[in-house]
Amino acid sequence: MKDKLFRKILPKVSKPGRYTGNELNMIKKDWDKSQVKMVFAFPDLYELGMSHIGSQILYGLINEKTSHLLERTYTPWTDMEDIMRKEGIPLYALESFRPLADFDVVGFSLQYEMSITNILNMLDLSNIPLWADQRGEEHPLVIAGGPVVFNPEPFADFFDVFIIGDGEEVLVEFLDIIYEHKSLNRKDLLKKLALIKGVYVPAFYKINYNSDGTIESRISLVEEAPEKIQKRVVSNLDEAYFPEKPILPFMEAVHDRAVLEVMRGCQRGCRFCHAGTVYRPVRERSIKTLEKQAQKQLANTGYEEMSLTSLSTLDYSGIDRLVKGLVADYSDEGISISLSSLRVDAFSIELANEVQKVRKSTLTLAPEAGSQRLRDSINKNVTEDQLFKAVEAAFKSGWNSLKLYFMFGLPGEVEEDLESILDLLKKVRYIGKQYSERPVQIRASLASFVPKGHTPFQWRPQASIAELEEKRNYLERKKIKNVRLSFHDSRTSFLEGLFSRGDRQLSQLIYRAWEKGCKFDSWSEHFRFDLWLEAISECEIDTDFYSSRIRSYDEILPWDFIDTGVSKEFLRLENERANEGAVTSDCRHDDCNGCGICQHFEIELDIREDYQYAP
Amino acid sequence: MHLRAEYYVGPDLRFLSNLDMKRMMARSLRRASIPYALSAGYNPHMKLSIGTVLPVGIWGKREYLDIELREEVEPLVFMHKLNEVLPAGVKINKCQVINSNTKALMRVINAASYAFCFNKGYDLNIIKENIENSESLVVESRGKKKGIDKDLKPGIFKIGVKINSEISSLNILVAAGEPINIRYDELIDLLKVHGVGDNDIIDMFREANYVRVENYFYTPLEKVN
C-alpha cells in the first residue's frame, strides 16, 4: 500500500507531503499491542489540521499516556481523491497506512459547521456507511467532538457518539470503557458509553415534533441515556496534559509554529460569541508551567516562532511578565513570539511592540461594531476612546497597516450603525495620517452575524442573504481612500446559520448535498451554493423556520439538552439587556453575573498570576 | 566560521520541496543547539544555503548545504550533533570547514548524476548505446521554456549501467545549472523515447552533485576554493 502510494500515486498529486506522514515526533505504536485503535480524522486539508492544537493535545495524550493508539487522517484534496477512487485506495491513517475501517473508533473534529460534507466524503472514501443506523458490528464507532457539537442535532444521524466539552478530559475514559467492554455488541457497548459524563449517543433518543415543526419532546429510549448531557471541563488546566513534543510537519502548516495555550475560556461575555459560553469558565496556566512548556516544545521542534494562544490572550493575568520573559529568553536565538489576538487598548499595542521590536507587519483589532450603541448592545466592551488610543499607539510606534474586524447584520442594527463603521474607518485613517509618514493601509473585514445556540442571541432571527447584500452595497457605495473592505460570503453564513441552530430534520439535506457533490464548502473554489439550493428544495426544507424566525423563550431548542453550565435564564437576561443596550462586565474584575457555570460544575475561575488589567 | 556538509535524503522524504528541506534543516540546527549565525535586519534568519534544488519526487544520496556559525564547532561534532536530531531518513555524511569567501554551492555545482531503477525486462546496455549513438536527443523542454524542443545531447556526459539480480539501474551524468540544465523529468521523457514504459521506472534518485572543470568532476567538498 505504502509502496504503491509512494511510487505511483503521490508523484501525480499536488503537495504530496500531505499524504506521507513520517514527520518528526510522529508516534507510531505497535498495532497488535495497543488496546483500542482510534484514528483522529480532521475534515479539512492536512496543513489546516496540523495547525489545530486540539488534535495535538489528544494525539500526545492517548499515545504517550495510555495503552491505546491514536493515528491521524485528513481530507484528501480533490486531485488525490480522484486518484484514490480510481485506484480503489481507501482513506488511510498516516501512521500505519491502514484503512480507516480497520480502526475501532473514527473520531472527527467538528471545528466549523461546513466541514460536515467533508466528513461524509471521508466516510465514503473509507467504505464506512454514512448513516449510523446502517453501520454494523464490523464497522468502527464514528464519533465527533469540537465546538460545533454543542448543537449536534443536524449531524446526529451520521454519528454513533458525540463527545461534548474538553476532549482531553473524557477521551481516555471513553477508550478505557471500550476496551473493558470489547466483547459487548455494538448497542450494549453504546449503552455503557452513554453512562460516561459528556458522552451523547444520539440513537438513544426520540424527538417528537409539534405541528409547527418545533420540538414537542425528547424521549430517552434506554435507561442509560441521561436527559441532559453535561459538557466535560478540565478543572485544572495548569496540571492538564499539553504536548511537549508536537508533531513537526515537513510541509508548511497554516500556523507553523510552537503554541502555548495560556488559558482556556473567555468571560468578556460578548453576546454573539459561541466560544464565550461553551468554553467557560476561564482557566489559566501558570507562568512557570508555560515557561517549561515553551522550553520543551522549542527543544523538541526547533520552531522559529511561538504563539501565545487563547480566546483572548491579552486577558491572561500574567501576560506582561510572560511575554517579557519569553522575549528575553529567546530573541537572541532568532525565535519570535506572537500574540494570537489583541485587545482593543493601548496596553495591548505596547505589548505587541514588545514582541515585534523591529518588523511591523499588520496589526489586527476587533471593535466588532461601528457605533457605541451597538457595541453596548452586543456587550463588546470597547469604547471609541480605547480604540482610538490603541490606533494612535500603533501608528505612533511604526505600524502602518491595520486590520479591523467588524460584524454586520447584528440584531438591532440600523443604517446609522453601518454609517458608524465607515465613520470609524475614516477617523482611524485620519489618526494614521497624523503619525505615519507613508500612506497607511486600513483593511476592514466584515463578517455577517450568524446567531448561534448557547448564546444570548440564540432566539434572534438571522439577516437574510438579501438583507446582507443590501447592507454590503450600502457599505461599499462610497470608496474611502486607502481603506479596503472585504466581506464574508453571505451564502456561507446562511448555511452556517441553518446548521448552527438546526435539528435532526436537516440530516437528509446534508446527505443530499453531499450526494450532489458538495465538499470543501469553506473553500470558495469548491463551494457550490447552487447544489445546496437544489438540495434544500428537493428535501423541502423551510430555511426561514430555522433562520429568520424569532424563537420564543418557551420553545424547546434543539440544543437545550446540552448543558454548558451557563443557564438558559442567564442567556435570556443577557438577550434582554441587549435590547436595553445595558452592558454586563467581566466577572473577573467585577461582581459575579450569575451565569451559573461555577456553581453548576463546582469549580472556580482559575486565575493564576497577579492580575494586571489595563482599564 | 563556515561549514559545508554533504547529506543524504532518503526515499521517504522525496516529496519535500526545497523550502521544506531548508526549513527542516534550520529547525534541526536549532534542536541540535548548533551556534548558528543570524542575519542582521528586520527578520533575522539563519545563514543557511542549500545546493541545487532536489526536485520534488526524487531522493538524494549526496546533497550539500553551507552554514555560517557564530562560534567555532568541530566538523565532527557538528555532524554528530545534527545527526542525533535529524528526522529518520536524513543524515549528514560528511562535513568540513570552508573559507568565508568560498563560492556558493548554487554557483559552483554544474553537474549531477541521476539514477533510474528498473525491474528486470530491459536491456539497459542497449538503451545506453542507443542514446550514446544518437546524433541528437530532442525532447520537449520541461523547465522555464516549457514546450520548446530541447536537445539533451550536449548536456549528457556519461551513462553507466548497473545490473543486479533484482533491480538494475541507469546512471546518467548530466549538466546542471548554466549554460545547460538537464532536468530529471526530461531524462524520463528521453527514456520513454527509447522504449521505456510509463510505469517501469520503479525508483529514481540523484546520486551526486558535481563541480565539473573541463573533463574532471569534483565533489563540492573537494572544490571549496
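Select B:Val213 and B:Tyr216: B:Val213 stands opposite B:Tyr216 in β11(B). This is a predicted model, and chain B has a mean pLDDT of 92, with 100% of its residues at 70 or more.

**Around β10 of chain B**

Three bridges join the two strands, which run antiparallel. They form a hairpin with two residues between the strands. Click on B:Glu214 there: its phi is positive, near 50 degrees.

Next, show strand β3 (residues 59-68) of chain B. Its pairing with β10 (residues 201-213) of chain B is in the parallel sense, over two bridges. B:Gly60 has B:Arg206 as its bridge partner in β10(B).

**Across to chain A**

Display both chains. Here 19 residues of chain A are in contact with 18 residues of chain B. For the model, ipTM is 0.89 and pTM is 0.94.

**The six-stranded sheet of chain A**

Trace an open sheet in the order β2-β1-β3-β4-β5-β6 (chain A), with mixed pairing. Which strands stand at the edges? They are β2 (69-74) and β6 (199-200) of chain A; each has a single partner strand, so one side of each lacks a neighbour in the sheet.

Strand β5 (residues 161-163) of chain A is joined to β6(A) by two bridges, and the strands run antiparallel. Select A:Phe162 to see A:Tyr200 of β6(A) opposite.

Then bring in helix α3 (residues 53-65) of chain A. It lies across β1 (37-42), β2 and β3 (105-109) of chain A, at about 150 degrees to β2(A).

**A helix pair in chain A**

Finish with helices α10 (residues 319-330) and α11 (residues 346-355) of chain A. Their axes come within 10 Å and cross at roughly 15 degrees. Angles under 35 degrees count as roughly parallel, so α10(A) is roughly parallel to α11(A). The crossing is left-handed.

Show the side chains of the contact:

- From α10(A): A:Ile319, A:Asp320, A:Val323, A:Lys324 and A:Val327.
- From α11(A): A:Leu351, A:Glu354 and A:Val355.

By class, the contact has five nonpolar, no polar and three charged residues.

Definitions and conventions. Residues numbered from 1 in each chain as written. Chains lettered and ligands numbered in written order. Predicted model: local features only at pLDDT ≥ 70, side-chain atom pairs only at ≥ 80, totals over all residues. Pairing = 2+ DSSP bridges. Helix = DSSP H or I, 4+ residues; strand = E, 2+ residues; numbered from the N terminus. Contact = placed C-beta atoms within 7 Å. Axes fitted to C-alpha atoms, helices over the stretch in contact; angles between N-to-C directions. pLDDT = per-residue confidence, 0-100. Parallel < 35°, antiparallel > 145°, perpendicular 65-115°, else oblique. Left-handed = near helix turned anticlockwise from the far one by under 90°. Nonpolar A, V, L, I, M, F, W, Y, C, P; charged D, E, K, R; others polar.
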